[in-house]
Amino acid sequence: MRITMIGTGYVGLVSGACFADFGHDVICVDKDDRKIAALHRGEIPIYEPGLDELVANNVKAKRLSFTTDLSKPVADADAVFIAVGTPSRRGDGHADLSYVYAAAKEIAQSLQGFTVVVTKSTVPVGTGDEVERIMRETNPKADVVVASNPEFLREGAAIRDFKFPDRVVVGTDDERGRKVMGDIYRPLSLNQAPLMFTARRTAEMIKYAANAFLATKITFINEIADLSEKVGANVQEVARGIGLDNRIGTKFLHAGPGFGGSCFPKDTKALIKIAQDYDVSLRIVESVLAVNENRKRAMARKVSQALGGSLRGKTIAVLGLTFKPDTDDMRDAPSIPLVTGLLDMGAKVKAFDPVGMEQAKTELPNITYCEDAYACAEGADAVVVVTEWTQFRGLDLDRLKATMAQPVVVDLRNIFNPQDMAAAGFTYESVGRPPVRG
């Protein structure tokens, strides 16, 4: 199949590379000249494990290419995927669909022959209807079907998620459109991934409902963690005890500093705004968003309490800045309000992240960036673990303690064993577990 991918951001580049790896001919289009030039040089604009090799292999095999001009790729395509950004609109929290609608209009002008145009971007319910209206208004003669195909990719595991998905959701009632989408995803049949066909609006709703539910699970276990600290329970054991119930499941029950990233904060806000437009109250989702925002700032107070209630003149070492490991994404990362709160309380902040420091410098310019975890901890009154990078789990605790001004660790991801920390002589605070003192 001939596929054109509009947008070379996270979703577009990963999806395009994976489709090419399935054997399809894929052209990725982006208006950013510098990004396309970098891709031609083999430079990947995002950090995603395995993506550089996947792109290089498929470029070499001539199944994947990049361009700034969409006219010919669209004219030749069997399917055109719209994978442009839909950020929260400044002022009201609605998804900004201007890039989607601009892409739809430009695509319509270049269509030739039967084509399926697919919204891959996360878009509010009803967006496909508007995309179709724009395309038919722009090019009344176009033989086009507009479908929805939401992505469910986790940053840091996106390639595996694409190739071994729990399900593939396709929203279209058109039989020709179903056939094209079925042909595109046929290579997944060996993995027995269910291809779920629905109405277009249902597919759009599935994406938002999935993200809102996962955000709710995270927020729920975070509140249980707070209660566990007060009553002397261990939230990790609580999570395991409830997660073994098949009706609940173990995933997304890891207590921490709150959710961040490019999807959950943006999509929960957008879902709330969609509901308000239809005069529906989503009180659970509204509470999830409010609790999560408050929690990220509250983590700075947790650090202060671990040091006796005052951070004035203290040096805090922050390990991990990205919203999760195996990505360089700083969007809505919990580290941002945490560090801001620490600075507001008078602390000096040093930080280290394996891949995210260049991106972090834009968001957090007034802190010191270090070359590794040990340099970050040197002279610190407390070390705060914010992102659960694997390399932090194997830190030499004796070496870490020897470099610090005070042996205090605040572990917001529960990556260390409390007994090990006590044996190493640390005062150790975690999330939802009793504190220990060495």
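**Helix packing and its surroundings**

Modeller: Helix 11 (residues 264–277) and helix 12 pack at an angle of about 145°, their axes lying 10 Å apart. Helices here are DSSP runs of H or I with at least four residues, strands are runs of E with at least two, and both are numbered from the N terminus; axes are lines fitted to C-alpha atoms, for helices over the stretch in contact, with angles from 0 to 180 degrees between N-to-C directions. The contact (heavy atoms within 4.5 Å) joins Pro 265, Thr 268, Lys 269, Leu 271, Ile 272 and Gln 276 of helix 11 to Val 285, Glu 286 and Leu 289 of helix 12. The crossing of helix 11 and helix 12 is left-handed, a term for the near helix being turned anticlockwise from the far one by less than a right angle, with clockwise giving right-handed.

This is a predicted model, in which local features need pLDDT of at least 70 and side-chain atom pairs count only at pLDDT 80 or more, while totals for chains, interfaces and linings use all residues. Residues are numbered from 1 along each chain as its sequence is written, and side-chain values use heavy atoms, with hydrogens and water left out.

Helix 12 (residues 283–306) also meets helix 13 (residues 335–344), their axes coming within 7 Å and crossing at roughly 45°. The two are therefore oblique to each other, the class left over when angles under 35 degrees count as roughly parallel, over 145 as roughly antiparallel and 65 to 115 as roughly perpendicular. This crossing of helix 12 and helix 13 is right-handed, and it brings Lys 296, Arg 297, Met 299, Ala 300 and Val 303 of helix 12 against Pro 337, Leu 338, Thr 340, Gly 341, Leu 342 and Asp 344 of helix 13.

Helix 13 has as its buried residues Ser 335, Ile 336, Leu 338, Val 339, Gly 341 and Leu 342, where buried means under 20% relative accessible area, exposed over 50% and partly exposed in between (1.4 Å probe, protein chains only). Their cover includes helix 12, strand 9 (315–319), strand 10 (348–352), helix 14 (357–363) and strand 12 (382–385). Just after helix 13, Gly 346 takes a positive phi of about 95°. In the loop between strand 9 and helix 13, Asp 326 has a positive phi of about 65° although it is not a glycine, and is partly exposed at 32% relative accessibility. Asp 332, which sits in the loop between strand 9 and helix 13, has a positive phi of about 55° without being a glycine, and is partly exposed at 34%.

Turning to strand 12, Asp 381 lies in the loop between helix 15 (373–377) and strand 12 and is buried, with a relative accessible area of 11%. Beyond residues up to four places away in sequence, Asp 381 touches Leu 307, Lys 314, Thr 315, Met 404, Ala 405, Gln 406 and Val 408. Thr 387, in the loop between strand 12 and helix 16 (390–393), is buried at 0%; leaving aside neighbours within four places in sequence, its contacts include Leu 319, Asp 353, Phe 392 and Arg 413.

As for cysteines, a disulfide is taken as a pair of cysteine sulfur atoms within 2.5 Å, and the count by this rule is zero. Cys 263 is in no disulfide, the nearest cysteine sulfur, that of Cys 18, being 16 Å away. Cys 376 is buried, at 0% relative accessible area, and its sulfur is 4.4 Å from the closest cysteine sulfur, in Cys 370, which is too far for a bond.
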